[in-house]
Amino acid sequence: MLAWLLGAGAASAADLNARDFMTAPVGTSLGVFYLPIARADDYRGPADSTGKADLSVNAFAYRQLWFSDICGTLCTPQFIIPYIAIDARLPGSDEHTHEHGLGDPQLGGTLFFINDPTHRTYSGLLTLLSVPVGEYHSQNADVSPGANRWALHLNYNYTQGMGEKWMLEANLEAQIYGENDDYYGATLKQRPLYRLQAFASYDFTQSTYGALRLVHADGGELRLNNRALDSTHQRYTQVGFEVGHWLDSSNQVLMSLSHNISTDNGYERGEALLRLVHVF
């Protein structure tokens with residue numbers, strides 16, 4: 001159980017990168033390609049009675065966003081379309097199971113409250129709605145690319161430049177889930193998951209920067225047919241680093257590596273990401 005709850009997140013835009021909230025002029029549009037992978041050979045929690053649980057996620061996501069003033073202030077209407085392949089030996093199981101296909105698309109955008117490029121100060125609320133139209137198999141729900149439920153991701157960001165080369169960022173996030181009414185024929189509910197994502201980035205050159213990443217998550221308890229499931233309250237802390245480089249004025253490449261340093265009731269996972277950005 002829980003493979004898709006943890007696995008599908010590898011392609012989720014709720015996982016931010018450093019400098020995501022730096023703005024561009026109205027009329028700018030971005031096409032973003034994500035290639036994330038996640039691997040885990042250990043599950044931390046009593047659900048893994050066999051000690052054999054593992055997880056492999058390979059994903060691709062395309063994100064299109066526009067910088068616009070249609071909101072009366074700067075905002076970024078956007079959509080994300082993921083493709084996800086999950087292979088897992090679930091906690092307590094001796095066998096592997098796998099699925100692949102289109103995941104649930106996300107629609108939304110960021111509404112900026114502060115947009116001050118001169119002082120490198122930004123703040124905004126990112127809202128993303130996951131629409132349950134991805135590929136879903138109710139009898140293989142834990143590794144299905146789609147989740148068969150609505151989900152709302154809310155992320156408040158504050159970004160502040162420090163000196164000439166440093167940038168500090170804090171993100172407070174809530175992931176709110178609707179119910180899955182066909183989880184192996186039962187009804188699955190999940191309490192919100194709360195996360196803090198923080199970044200400290202530094203300009204090595206005018207076109208290259210590096211960043212340290214910290215994520216801490218808490219929450220997400222599950223109920224099946226209105227009965228609380230023991231040992232499903234997730235807690236994890238993840239650290240990582242990333243390097244971004246502008247190839248030219250229109251194209252950027254970013255690479256990142258992250259790993260959980262503490263996990264309760266979840267896969268002890270490592271992640272890698274290759275991201276390509278094209279400015280239209």
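Me: How much space lies in the largest pocket?
Reply: The model is predicted. Strand 1, strand 2 (54–66), strand 5 (106–116), strand 6 (121–130), strand 12 (208–219) and strand 17 each give two or more residues to the lining of the largest pocket. The space in this pocket is about 810 Å³.

Me: Which residues that line the largest pocket are the closest to its centre?
Reply: The lining of the largest pocket is made of 35 residues. Of these, the closest to the centre are R19, D20, M22, W246 and Q252.

Me: What accessible area do the residues of the nonpolar surface patch have together?
Reply: The patch is formed by F33, L35, F60, I81, Y83, L102, M255, L274 and L276. Strand 1 (29–44), strand 3 (78–89) and strand 17 (266–279) each give two or more residues to the nonpolar patch. Together the patch residues have about 760 Å².

Me: Is I81 buried, partly exposed or exposed?
Reply: I81 lies in strand 3. Its relative accessibility is 41%.

Me: Which hand does the disulfide have?
Reply: The structure holds 1 disulfide. It joins C71 to C75, with S to S at 2.1 Å. The torsion about the S-S bond of C71 and C75 is about 85°, so the disulfide is right-handed.

Technical notes:
Residues are numbered from 1 along each chain as its sequence is written. This is a predicted model: local features need pLDDT of at least 70, side-chain atom pairs count only at pLDDT 80 or more; totals for chains, interfaces and linings use all residues. Side-chain values use heavy atoms; hydrogens and water are left out. A disulfide is a pair of cysteine sulfur atoms within 2.5 Å. Patches are made of residues with over 30% relative accessible area and no salt bridge: like charges are joined within 9 Å, nonpolar side chains (Val, Leu, Ile, Met, Phe, Trp, Tyr) within 5 Å. Accessible areas come from the Shrake-Rupley method with a 1.4 Å probe; for residues, only the protein chains shown count as cover. A salt bridge is a side-chain nitrogen of Lys or Arg within 4 Å of a carboxyl oxygen of Asp or Glu. Helices (H or I, at least four residues) and strands (E, at least two) are DSSP runs, numbered from the N terminus. Buried means under 20% relative accessible area, exposed over 50%, partly exposed in between (1.4 Å probe, protein chains only). On a 1 Å grid over the protein atoms alone, a cavity is a set of points where a 1.4 Å probe fits but cannot get out, and a pocket is an open set with protein on both sides within 12 Å along at least five of seven lines; lining residues have an atom within 4 Å of a point. Grid points are joined across faces, edges and corners, and a volume is the space filled by probe spheres set on the points.
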